[in-house]
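Biologist: I am new to this structure and would like to learn how to read it. Please take me through it one feature at a time.

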Amino acid sequence: MEHNLGLIGFPIKHSLSPWIHRQFLEKAKIKGTYSIFEINDKLLKNQIEMMKQNRFKGFNVTLPYKTKIIPYLDDLDHNARNIGAVNTVLNLDGRLIGYNTDGIGYLRSLQQYYPELVTDKQKNILLIGAGGAARGIYYALNQSGFNTIDIANRTIENANSIAELKTNDTVTNILTLNQAEDNLVHYDVIIQTTNVGMKSNQHDSPIKLKHVRESAIVSDIIYQPIWTSFLKNASLVGGRVHHGHTMLLNQAQYAFEIWFGQRPELGSMDIQLKLLLEG
Ligand code: ATR
């Protein structure tokens, strides 16, 4: 039996998900396909119907449909419900269940490179940005029990809205970007989640990294370019870096686990993906 999988979004022509999931299928010895459905808003409902009728095993959802898809689903897992966004759907005997693998995928990727974060939760973490990606990451970090997770953002009310996801005694302070810049020395882990530094504005950085503590872990979820200005500057002042493409692999791996109940080995996929992204 062949399992159909796919991705819904716009624009997604250059998505790396087919490359990742076809390798997972091969590794898991599962016969399947992973297709791209680049659709506009009006076609969303029909597209989901088509996937249901054709008994798709599951699919991924990306921008701009991570929240727009929710009314078409039969149920949400508790992470997706709390975060308010879906990036993975499982077709369970005709019932579509929405999940969000971004935050857990991010946390796994961070712990893969910095295993001390699996057990040591006495860390001061700074999250820069308060968009959709930051929401999932904050939720996963909070659930994992880190003691301080501060949020710095250009628009303070967006940061406040993320802090409302807190479910335990984690401490969360809200900062302006300037305050974050001046207080970087307090943080063990600094996570950049804004759009600033992507290929279109690759010489920019949301904050200066002058005050980063040597040996702090500095992470950027942008993966194009792999070496963002933010990470280059962090590295210059002695920070230990963590690259965005590893989140992409781990969130996909967790999606695959939801569909097939098994976790394919990532092996050297991070190196291959890095080479692919560097052209
Ligand atoms: P995503 O889903 O990828 O996280 P998003 O939801 O559009 O994207 O969020 C973008 C984030 O980048 C937000 O935190 C945004 O700040 P605001 O909440 O103030 O809008 C941040 N961002 C975008 N452009 C920025 C800029 N030029 N300077 C600082 N922050 C910026």
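Biologist: Which residue in E12 is the bridge partner of Ile217?

Modeller: The bridge partner of Ile217 in E12 is Arg240. Before going on, note that this is a predicted model, where local features need pLDDT of at least 70 and side-chain atom pairs count only at pLDDT 80 or more, while totals for chains, interfaces and linings use all residues. Residues are numbered from 1 along each chain as its sequence is written, and side-chain values use heavy atoms, with hydrogens and water left out.

Biologist: What do the labels mean, and when do two strands pair?

Modeller: Helices (H or I, at least four residues) and strands (E, at least two) are DSSP runs, numbered from the N terminus. Two strands pair if DSSP finds at least two bridges between them. Here E11 and E12 run parallel and are joined by three bridges.

Biologist: What is the order of the sheet that holds them?

Modeller: The order is E9-E8-E7-E10-E11-E12, an open sheet of six strands with parallel pairing. Its edge strands are strand E9 (174-175) and E12, each of which pairs on one side only.

Biologist: Which strands does helix H4 touch as it packs on this sheet?

Modeller: Contact means heavy atoms within 4.5 Å. For directions, axes are lines fitted to C-alpha atoms, for helices over the stretch in contact, and angles run from 0 to 180 degrees between N-to-C directions. Helix H4 (residues 102-113) touches E10, E11 and E12, and its direction makes about 145° with that of E12. H9 also packs on the sheet, touching E7, E10, E11 and E12, with its direction at about 170° to that of E11.

Biologist: Which residues of H9 are buried?

Modeller: Buried means under 20% relative accessible area, exposed over 50%, and partly exposed in between (1.4 Å probe, protein chains only). In helix H9 (residues 229-236), the buried residues are Ser229, Phe230, Leu231 and Ala234. Their cover includes strand E7 (124-128), strand E10 (189-192), strand E11 (217-220) and strand E12 (240-242). Just after H9, Gly238 has a positive phi of about 95°.

Biologist: What is the strand order in the sheet that contains E1?

Modeller: That open sheet has six strands in the order E2-E1-E3-E5-E6-E4, and its pairing is mixed. E2 and strand E4 (75-76) are the edge strands, each pairing on one side only. E1 and E3 pair in the parallel sense over two bridges, and in E3 the bridge partner of Ile8 is Val61.

Biologist: Which strands do H2 and H10 lie across?

Modeller: H2 lies across E1, E2, E3, strand E5 (88-92) and strand E6 (95-99), running at about 170° to E1. H10 lies across E1, E2, E3, E5 and E6, running at about 10° to E5.

Biologist: How many aromatic pairs does a search of the whole structure find?

Modeller: A pair of aromatic rings is described by the distance of the centres and the angle of the planes. Rings of Phe, Tyr and Trp (its six-membered ring) pair if their centres lie within 6.5 Å; planes under 30 degrees apart count as stacked, over 60 as edge-to-face and the rest as tilted. The search finds three pairs. The rings of Phe24 and Phe256 have centres 5.5 Å apart and planes at 70°, so this pair is edge-to-face. Phe24 lies in helix H1 (residues 17-27) and Phe256 in helix H10 (residues 245-260), so the pair ties together parts that are 232 residues apart in sequence. Phe24 is buried, with a relative accessible area of 0%, and for Phe256 the value is 0%. Phe37 and Phe56 form an edge-to-face pair, 5.9 Å centre to centre with 65° between the planes. Both Phe37 and Phe56 are buried.

Biologist: Which residues form one aromatic cluster?

Modeller: Phe24, Phe256 and Phe260 form that cluster.

Biologist: How is the protein chain divided into domains?

Modeller: Domain bounds come from an automatic or database domain assignment. Domain 1 is 3-100 + 246-277 and domain 2 is 104-243. Their centres, taken over C-alpha atoms, are separated by 25 Å. In contact are 18 residues of domain 1 and 18 residues of domain 2.
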